Amino acid sequence: MRQISKSLLQERKARVLYADIHEYIKTGKPVGSSVLEQKYKFNLSPATLRNLMAELEKDGYLTHPHTSAGRVPTDEGYKAYVNSLVELQRLAVEEEERIKKEYEKKTKEIESLLSQTSKILSGLSNYTGFITSPKAAANEIRNIELTQVSRTQVLVILLTKTGIVKHKMINLSVDSGDLYELKNFLNEKLRGLSLEEASRRILVEVEQYQNKQKDMVKLAEQISSVIESIHEDIYVDGTSNVLAVPEFTDFESARSLIKLNEDKDRLIEIIGKDFNENKVKVKIGGGGEVTELKDLSVVTTSYSYGDKIVGVLGIIGPKRMDYDKMMALVNSVSNIVNGFLLKMGDEQDE
């Protein structure tokens, strides 16, 4: 009897596994050897196909749902499939151009950019799209403006390099000359620092400020509170898309996703683990660590301002998703967001 080399056997098993997953992604139905034989032209006998599928099941890549003759991929099967996508398929040029046009219709404010990004990710994937706001540790101060609105009121405006603008009205009586000097002093000391570092440094710097009036220290404390108020947020869109997929009918799974969508701090904590990843990453079943996502897959990547990673974006969808398309989508949107952030920064510098 002719022996088949291990490498050829592994190649055949891989082809059968990827065909099974591809067919299951398209139809949502367990896949039998007869379907693979008819549609994928393996040039293998039905008995060989059945044996290969049995081995893949034994290896933990496929499983039988209930009493069906067909098989569906396990989490390990999906992981093997995702790992086989060595190069991301780029979105078609016209699709990427359409995304850019959607962005260009919106305002130049960072909040609008983030909100629109989550909507675009959701709309193009038909799943849940999300993007985190720039992290305080990576978001640098561009300018601090102090404006005397009245004899007893000062308007504090804080602008970051990623375009976040925060303002706060402070009840404080201060000489306009002192206010001007303090503004210049703070910009000199804090410009270019991350929000996290500036929050720590501002009171120390003001205490060393040559004009140690109580009002100046009080104003510095108020400015510090404005800096600290810029906390990380996450924009999510399209949760109902995931709840509508046919296999996502389990009440507990649905409740977990809804709860996660409401608990943004928890979602930020989960997504934030991929903050330093500058490549597209896929977690199947929550990576085995997040019970709320055990029935879902998460495709993420980071986005940057210049050469600095500042946030994370991606999609949440069913395990039965078109991974290469979703990975390409997330990658392309990240590139576009990077470009828009740089453009917004250049316009602010002008």
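A residue counts as buried when its relative accessible area is under 20%, as exposed when that area is over 50%, and as partly exposed in between. The model examined here is predicted. K13, with a relative accessible area of 8%, is therefore buried, whereas D59, at 41%, is partly exposed.

The side chains of K13 and D59 form a salt bridge, with 2.7 Å from N to O. This pair connects distant parts of the chain: K13 belongs to helix α1 (residues 6-27), while D59 sits in the loop between α3 (46-58) and β1 (62-63), 46 residues apart. K13 and D59 also belong to a network, joined with E55 through salt bridges that share partners.

E57 pairs with R71, and their closest N and O atoms are 2.7 Å apart. Because E57 lies in helix α3 and R71 in the loop between β1 and β2 (72-73), the pair ties together parts that are 14 residues apart in sequence. E57 is partly exposed at 25% relative accessibility, and R71 is buried at 12%.

The next pair joins a strand to a helix. E145 forms a salt bridge with K183, the closest N and O atoms being 3.4 Å apart. E145 is in strand β4 (residues 141-150) and K183 in helix α7 (residues 176-190), so this contact ties together parts 38 residues apart in sequence. The relative accessible area of E145 is 26%, which makes this residue partly exposed; K183, at 15%, is buried.

How values were computed. Residues numbered from 1 in each chain as written. Predicted model: local features only at pLDDT ≥ 70, side-chain atom pairs only at ≥ 80, totals over all residues. Heavy atoms only, no water. Salt bridge = Lys/Arg side-chain N within 4 Å of Asp/Glu carboxyl O. Helix = DSSP H or I, 4+ residues; strand = E, 2+ residues; numbered from the N terminus. Buried < 20%, exposed > 50% of the residue type's maximum accessible area, 1.4 Å probe, protein only.
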